[in-house]
Structure formats: C-alpha cells, structure tokens
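Visitor: Could you walk me through a few spots in this model?

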Amino acid sequence: ALMGVGAAAIMPTTLSILTNIFPEDERPKAIAIWAAVAGMGIAIGPTTGGWLIENYDWSWIFLVNIPVVIAGLVGGYFLIPESKDPDPKAIDYTGAGLSIAGLTPIVWGLIEASERGWGDSLVLGAFALGTAVLALFILWERRTDHPMLDVSVFRNLRFSAASLAVGFVFFALMGVVYFLTTYLQSVMGYSALEAGERMLPVAVGMIATTKLSVLLTERIGTKIVVAMGMSTVAGALYVLSTCGVDTGYGRVAFALGTLGTGMALAMSPATESIMGSLPKEKAGIGSAMNDVVRELGGTLGVAVLGSVLASSYGDSMDGSAVAGLPSDAAEAASDSVGGAHDVAAQIGGEAATRLTHLADSAFVDAMSTTATLATAVALFGALVALLFLPSRAPAEAPDALPEPAAA
C-alpha cells in the first residue's frame, strides 16, 4: 500500500514535468522516450526479480529498490526544475474517498467472480455498489469547486479517446503478463529467471519502435497510428491464443515482440494527445489521468482476464480430472496449474503424468480463451481510436480547458 502511495506521488509528475520542460515540437519525442523507458521496466523487472529469487531471497525484490530511490532523490533534487499550477486548488478528500470506495467493490467482484460465479448475489451486489458510488463520485466532481478530477476535460475527444486507448492497451498487457508468466514456468518448464528473460522481446519491440511511432504520427496523424498500434496488439494476442502445450518459444517470442511494437505505436501518440489537449498549467491533470487509466486498465485486465482464466481452468479440472485425489489435493490441482504440478510431484508414477498432462491442457485452453477475449478488447480500442480520436492537434496550443469537440 505504501509503494502504491509512493507511485501515485511520483508517476503523475513525470509527464507534467516533460510537458513543461520541452517545447511543443519536441514533446512527442520526449514522451516517446518516456514510453520506451517504461517498456524497459517491463523487461528489467521480471528478469531482475527472477535472478534475485533464484540467487538470494524473495525479500530482495523490495530491498533492491532502495539504492535506486536514493539515487532518484539526489538526482531529482539537482536536475528537476520546479513547475506547478499557479492557481492550486484545495485537496479533494471527498472525491478521493468516493473513487476508492467505488473502485474497490468492483475490483473485488471481478476477482471473486471466478470462485463465486458471475451470477453470485455478493458479486452482483459489489458491482451495483461500486457503480452507484462512482456515479456519486462523478456528481461530486461536477459540483465541487476543487475537483480531484475535472470531468469536463472528457468533453474533448482528443483527451477522452486517447485515455481510453491507453486503458485498453494496459488492460490487454497486464492481463497477458499475468497468465504468460505462469505459461512459461509451469507449462513450458522455465525457471523464474528464464521466464523473466523470455519477456525481453516486449521491451525490444517497444524500444525499437519508439522513433518510428513519432515519425508515423508526424506523417499520417495520431488516429491512424494509435489504431494501427492497437490492431498490432490484437494480432499479437491472437498469436498467443494459438499457443499450445508443445508450442516452441519462437512463437511466443514473435508474439511478445509484436506486442511491444504495437504498444509503442499506440502509447506514445495517445499519451502525447492526452498531454497536448490541456494547457501547461493543467499538465498535472493530464499526467494523473494518464496514470489512472493505465493503473485502472491494468488492474481490470488482471482482475477480468485472471477471473476468466481461473474459471475456465477450474471448470476443466473438475470431476474426472481430479477423481481419486484427496480433497485437499483435488482442490489445489483445480485451483492452479502450479498447484496441479505440486500435487503430481507428490503422488508420482503414471497418475502424476496424467494429472500434469490434464492440467497443462486445461491451462492452455483457458489461456486461449483469455487471450481471445484480450484480442477483442484491443480491437475495440482500435475502433475507438478510428471513430473518435482526431488525427491532428489543434493548430494553436490551448490556453484554457478545452471546449466540447464537435461531433
């Protein structure tokens, strides 16, 4: 929770600093580099974490950040110029509380749906409660004179469509990473470090495409490039949906590289659209919103796609697949493919081979269903970009909150 608070304090400031430091013609390149560094984190995190777990202790994945934080504090003090809203508003504690109270039951319901069922009264009640509180949050934000989130910015299609595109990208990405690490370790048999290393093509694809995304946006406009990126993400997810128990890593590497390429094409111009649609003194709103949709998209991606994966796997492993096992062992095998492998290691013999095969097949089938759903989400994001995202920014930089865009 403390790490989340720290991230919420750091991340929104990064884009607002870039927006205030770089002139308008240089800003797309700066944001593209920012996105590429984020892509590096996707690869460095799992690889470093896997190495630390194999060679030291799990607690080192937290301790390793301490020197990084110290270096960031020292470097930030000397290198980052000051920038702030000349007319800051009071903190909207009520809005913050309502947003937390609204999102918590929705995320809880999405996670619990895999165990309780999508029609369970508690799950449906959580969705209804969360929706009602979020509606109250929007009403409050529209009426208060110091809103946490100025909802009027969503009247600008450049801002709102780009925000949706970023949310869809991270919905698909985080949901895929959630099940792909399990696929690499449990089904394909890689260690934690080896699985982390095999996530590197995502970062390679993002870094290699960073400059291309800027050039394409300058030539053909934001709309086409973002839609192209989302379609590329969808293509990568479809390839992952075709992976099976005996699929080689080559297909996975191709899909991950393609996923990184699509993310770079979509993220950089979409993020620049979010930041460019607001005046510089309101850059904090754009940066915060960019982070909100990324975190919310990623959270919902893990919750929704993880729930679908767990439900599909559990349905396949019920009944004959775990027949004859003690109740605790049957429950563990039906809960996750890793649990099934642990049970197989304990029972040994032909029964272990059969259980491992059934669990791997069930997980791959569930992964295919989940990746197909993620593909549909990415394609919907491409459609949103084509229909609602303007191709070009306004000729003049905005000096006030934007007026409603024409239909």
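This is a predicted model: local features need pLDDT of at least 70, side-chain atom pairs count only at pLDDT 80 or more; totals for chains, interfaces and linings use all residues.

Visitor: Where does serine 163 lie?

Guide: In helix 7, residues 157-187. Helices are DSSP runs of H or I with at least four residues, numbered from the N terminus.

Visitor: Is serine 163 buried or exposed?

Guide: Serine 163 is buried, because its relative accessibility is 3% (buried means under 20% relative accessible area, exposed over 50%, partly exposed in between, with a 1.4 Å probe and protein chains only).

Visitor: And what does serine 163 touch?

Guide: Leaving aside residues up to four places away in sequence, serine 163 touches Ile274, Met289 and Val293. Contact means heavy atoms within 4.5 Å.

Visitor: Now serine 241. Which helix is that in?

Guide: Helix 10, residues 222-241. Serine 241 is buried too, at 8% relative accessible area. Its contacts, not counting residues up to four places away in sequence, are Ser368, Ala371 and Thr372.

Visitor: How far apart are serine 241 and leucine 373 in space?

Guide: They are 9.4 Å apart, C-alpha to C-alpha, and 132 residues apart in sequence.

Visitor: Different topic. Where is aspartate 328, and is it buried or exposed?

Guide: Aspartate 328 is in helix 13, which spans residues 327-335. Aspartate 328 is exposed, with 61% relative accessible area.

Methods. Residues are numbered from 1 along each chain as its sequence is written. Side-chain values use heavy atoms; hydrogens and water are left out. Helices (H or I, at least four residues) and strands (E, at least two) are DSSP runs, numbered from the N terminus.
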